[in-house]
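I opened the model today to look up how its chains are built and how they meet. My entries follow in the order in which I looked.

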Amino acid sequence: MKTLEYEIAVIGGGAAGLTAAAQAAAAGKRTVVIERSRELGGVLLQCIHSGFGLHYFHEELTGPEYAARVQQKATEAGADFLLASTVMQILPGKKGPLLTVYSRQEGVVWLQAQAVILAMGCRERCRGNLGIPGDRVSGVYSAGTAQLLLNREGIVPGKRAVIVGSGDIGLIMARRLTWSGVKVACVLEIMPYPAGLSRNIAQCLEDFGIPLHLSTSITGIHGRNQVESVTFAPLVNGQPDLTQEERVTCDTVLFSVGLVPENELSRDCGIKLNPLTGGALVDEDLMTSLPGIFSCGNVLHVHDLVDFVSLEAERCADSAVRYCARERRPGSQIQIAPGANVRYVIPNQVTPGQPHHLLLRTSRPLAAAELQLRDTTGNRLFVKRLRHLRPAEMISLEIPHDCTAGAKGLVLELEELN
Amino acid sequence: MKTFRKICICCPAGCHLTVTLADDGEIQVNGNNCPRGDIYARQELCDPCRTVTATVAAAGDPHCRIPVKSSEPVPLALIDGLLAELYALAVPLPVTMGQILLPDYRQTGINIVATRTMCP
């Protein structure tokens, strides 16, 4: 069996993989991107709306434009691409991670790398994941599937839709469907607050007068062959109150109920995963529990903005490049854990006394909060006031040099302020 | 005096804007973290506009769509008409990212441009 040799192998050719490959190749490393689809760009290719790139490219771009930019960066930096190729396993090899790749072009090949960057992205939760009762009829899609059909292939899924969940893809699809002549009857959200960005509530729902029912659960999907209606009810004490059940006529149901990092490959090769994110546990270099294997983008944790994916991918590639050059951070690593009102924090380990770049999410909306970084004895090492915190909007935080010197462990909390 | 609440859509921060329109017509904007919020709020009161993104058909291939965007935000009243025109188009491939597929829509100076390079 043929063996390909690269210094850095990037698995996944979406925003994270292409940005990481551009960065690694620009640092002079022989880099390959392995992409299972026949084209590069990932989900960006179907995200035809604008709003991408303001942080990373300092201009507003659509998804396909963003994909073209990062692909161009990777190409110009000299990265190679293996398209229509799937990584089946990652084995620990003497020279570094050894990948088994099934490739349309190369057949079954080994790929010997010094470092691997996992950038496989995420996939959608679907009806089956939620156990929504009712009839098994056609017309039920995940929001991203409907987006693919509509934006890439021009297939309009129906005439009248109900969207379950207020994630950003669902909100974007509410506008896209409306602009494609589909009436969006309503959006149902089980939580008391929307899951998507505020601006998407404004420009995708309010612009079109689409009602958003908060604290409301879908109670059934009904029809014979095609969806004919859905029923829904408000939540009372955490349960749908069926005495207040309503029925809305529709032929299409879209689910926009969250994304799951696609880590089957990581799990199979023994990488430790974080149950809070579904992604790998990582240190400050974004290295997983297996030496030489790094993770970034939506496979590490689901991001709200592609710009943050690219920034994280750059950092990840820098770490992988340093790893190849045997330059690792000095000092011991300590755990950093989420405390009150913090859903998760990335990374999971840091080197005390260094400046830290932390990403976190609040577990519930907070109008004002004090962010506190404490050590294991409760000392407050760093404090910052924050406003308008929402689970949908990731918080990026720089902890200055020396704040955590001498700490044995860290906890990050958000204390609500009135 | 009238007060409006708006979410700024210029960037993902989504600033919570409070816009007051005084009786003498003076507009005051609060809650914006950058100058774009001020411009957006004023525009929103007099002539709300949105960037339009959609797809147009690739000639000869019923299952291939070319993604497009408006070069500038489009006044709300013109969007439905613009979409109808876009959906009636069939553009032969190849197209290049940035290529104008529909110039100067209704003399507004707004062009519709392809957002992806596509080959047959």
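**Entry 1: terms and numbering.** I count a residue as buried if 20 or more other C-beta atoms lie within 10 Å of its own, as exposed if 12 or fewer do, and as partly exposed in between, with C-beta atoms placed from the backbone. This is a predicted model, where local features need pLDDT of at least 70 and side-chain atom pairs count only at pLDDT 80 or more, while totals for chains, interfaces and linings use all residues. Residues are numbered from 1 along each chain as its sequence is written, and chains are lettered from A and ligands numbered from 1 in the order in which they are written.

**Entry 2: chain B.** I looked up burial in chain B and found that buried residues make up 31% of its 120 residues. I then listed its secondary structure, where helices (H or I, at least four residues) and strands (E, at least two) are DSSP runs numbered from the N terminus. Chain B has two helices and 10 strands. Read from the N terminus, their order is β-β-β-α-β-β-β-β-α-β-β-β. The radius of gyration of chain B is 18 Å, well over the 14 Å that the globule rule gives for 120 residues, so chain B is more spread out than a compact globule. The radius is taken over C-alpha atoms, and the rule is 2.2 Å times the number of residues to the power 0.38. The C-alpha atoms of chain B fill a box of roughly 55 × 30 × 20 Å along the principal axes.

I also noted the domains, whose bounds come from an automatic or database domain assignment. Chain B is divided into domain 1 (2–46) and domain 2 (53–114), and the C-alpha centres of these two domains lie 30 Å apart.

**Entry 3: chain A as a whole.** I counted eight helices and 30 strands in chain A. Its radius of gyration is 22 Å, close to the 22 Å of the globule rule for 418 residues, so chain A is as compact as a globular protein of that length. The C-alpha trace of chain A spans about 65 × 55 × 40 Å along its principal axes. Buried residues make up 49% of the 418 residues.

Chain A is divided into domain 1 (3–123 + 260–324), domain 2 (126–257) and domain 3 (334–416). The C-alpha centres of domain 1 and domain 3 of chain A lie 27 Å apart. Two residues are in contact if their C-beta atoms, placed from the backbone, lie within 7 Å. By that test, 13 residues of domain 1 of chain A are in contact with 13 residues of domain 3 of chain A.

**Entry 4: where the chains meet.** The contact takes 22 residues from chain A and 23 residues from chain B. On the side of chain A that touches chain B, the elements giving two or more residues are α2 (63–77), α4 (143–153) and α6. The largest share of that side, five residues, comes from α6(A).

**Entry 5: helix α6(A).** Is this helix enclosed or open? Seven of the eight residues of α6 (residues 198–205) of chain A are buried, so this helix is largely enclosed by the rest of the structure. The buried ones are A:S198, A:R199, A:N200, A:I201, A:Q203, A:C204 and A:L205. Their cover includes α5 (168–179), β14 (183–188) and β15 (212–213) of chain A, together with β1 (2–7) and β4 (49–50) of chain B.

I checked α5(A) against α6(A): they pack at an angle of about 20°, with their axes 8 Å apart. Axes are lines fitted to C-alpha atoms, for helices over the stretch in contact, and angles run from 0 to 180 degrees between N-to-C directions. The two helices are therefore roughly parallel to each other; angles under 35 degrees count as roughly parallel, over 145 as roughly antiparallel, 65 to 115 as roughly perpendicular and the rest as oblique. Residues of α5(A) that meet α6(A) include A:L171 and A:I172.

**Entry 6: residue A:R343.** A:R343 is found in strand β24 (residues 342–346) of chain A. A:R343 has 15 other C-beta atoms within 10 Å and is partly exposed. Leaving aside neighbours within four places in sequence, A:R343 is in contact with A:L276, A:P338, A:R361, A:T362, A:S363 and A:P391.
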